[in-house]
Amino acid sequence: MPHPSQGDPDWLTEGASSVWRPYCQMKTARPPLPVVATRGSRLTLADGRELVDGLASWWTACHGYNHPHIADALRRQIDAMPHVMFGGLAHEPAYRLAARLAGLLPGDLDHVFFAESGSVAVEIAMKMALQFQINRGVTGRTRFLAFRGGYHGDTLATMTVCDPEEGMHSLFAGVMPAQVIADLPRDASGEAALDALLAERAHEIAAILVEPLIQGAGGMLPHSPEVLRTLRRLADKHGVLLIFDEIFTGFGRTGTLFAMQAAGIEPDIVTLSKALTGGTLPLSAAVASRAVFEAFWSDEPGAALMHGPTYMANPLACAAANASLDLFADGTWATNVARVSAALAEGLAPCRAGRGVVDVRALGAIGVVAFDAPVAVGELCGRFAELGAWIRPMGKVVYLTPAFTTPDEDLELLTKAVRTVVGVA
């Protein structure tokens, strides 16, 4: 097993044989970089080097690291109450946060069910959709319609609604019931094909599940707002629910506070996580419309949603989320996202001339260089680190999702690092 290099901190050396790392083959993977501090858009390594974080820790730290407003809120909350169970008890941070989210989300997405992770929020949304049908006396609607290129999580149920060919979860094919996977309806012929599919199979489908505007971990694949309007029309026509997975896109990443706003339509359920707490603590939510919630409003105990994660609505995480929403309130984030978007578009444009590059694109605070074959993740991570950047490619893409507050000079460092590695600097 690869071990840290000589001179690395004791904690890394001593713990290397005990920690099972994510998304890597432990036998051959490069040792991880030891981080000892964060600040703004930067990571400080144990050897004193600073790296500009081009990913905002998997898109979470939208306001930058160690934002003083969020940190102050956490200090106050931990002194008062770090955690209390949510079954039969209530606390102010969660109730205030639920009301604020209901006020920010469009339409009547008013009923907030909290969890800890994005994958679990998607599973909760799926469970809501299934039981919504059952509570209305509808039987047989036990499957979901999802799309090629999509990614919704790593748990067993969410794996079934990811792209079956993207490789991350293909090992588990057949373990769980197969879902209905289709192409996104990007044009009139695509809409007709999906309409025909639903006409044939709507009787077995509880809901349509999609990442609005851009499919994230499946390859950073964009689609137009009209696709979402098409899905809304078809969901209504065939009597199925529509779920938007905004775990990646929510809270400003695509240029509007929620990606759905670009299309001017609302889903029946939306999932949120990632940037919800500004990258400080795990928290997620599945937020349902009034019509979905009312299907559970009953005198019958069996109609209740029987779900309750242990750390559901953790007060510390809710306090961080409320503080993060404070930072969104003045609208500065939108100016910053536009600035970041322009810098990514301009800084990455020369990569179009790079070997193997098939596309360069930017949407909001997302910049992507797409290749014709999978990239060597470990090797490229090392090269980027040598250039002062933390960038971790995936699949066939090198992508940037920096904090909205990343200064211009750090954005230039990130895009220059990508240009250098692509060979066009």
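How many of the six residues of strand β12 (residues 284-289) are buried?

## Strand β12 and its partners

In this predicted model, six of the six residues of strand β12 are buried, so the strand is largely enclosed by the rest of the structure. Strand β12 pairs with strand β4 (residues 109-115), to which it is joined by six bridges, and these two strands run antiparallel. Strand β11 also pairs with β12 in the antiparallel sense, here over four bridges.

## The nonpolar cores

The largest nonpolar core holds 103 residues, and among these Phe114 and Val418 touch the most other members. Helix α5 (residues 118-135) gives the most to this core, contributing seven residues. The core draws at least three residues from domain 1 (33-66 + 331-422) and at least three from domain 2 (68-328).

The surroundings of Phe114 can be described by its contacts, leaving aside its neighbours within four places in sequence: they include Ala94, Leu97, Ala98 and Leu101, as well as Leu283, Ser284 and Ala285, and also Pro309, Met312 and Ala313.

## Aromatic pairs

A pair of aromatic rings is described by the distance of the centres and the angle of the planes. In this model the count comes to eight aromatic pairs. One of them is formed by Phe251 and Phe328, whose rings are tilted, with 6.0 Å from centre to centre and 40° between the planes. This pair links distant parts of the chain, since Phe251 lies in the loop between β10 (241-245) and β11 (269-272), while Phe328 belongs to helix α10 (residues 315-329), and the two residues are 77 residues apart. Both Phe251 and Phe328 are buried.

Another tilted pair is formed by Phe293 and Trp297, with 5.7 Å from centre to centre and 45° between the planes. Are these two residues buried or exposed? Phe293 has a relative accessible area of 31%, and it is therefore partly exposed, whereas Trp297 counts as exposed because its relative accessibility is 66%.

Terms used. Residues numbered from 1 in each chain as written. Predicted model: local features only at pLDDT ≥ 70, side-chain atom pairs only at ≥ 80, totals over all residues. Heavy atoms only, no water. Phe/Tyr/Trp six-rings, centres within 6.5 Å; stacked < 30°, edge-to-face > 60°. Buried < 20%, exposed > 50% of the residue type's maximum accessible area, 1.4 Å probe, protein only. Pairing = 2+ DSSP bridges. Core = buried A, V, L, I, M, F, W, Y, C linked by side-chain atoms within 4.5 Å. Domains from an automatic or database assignment. Contact = heavy atoms within 4.5 Å.
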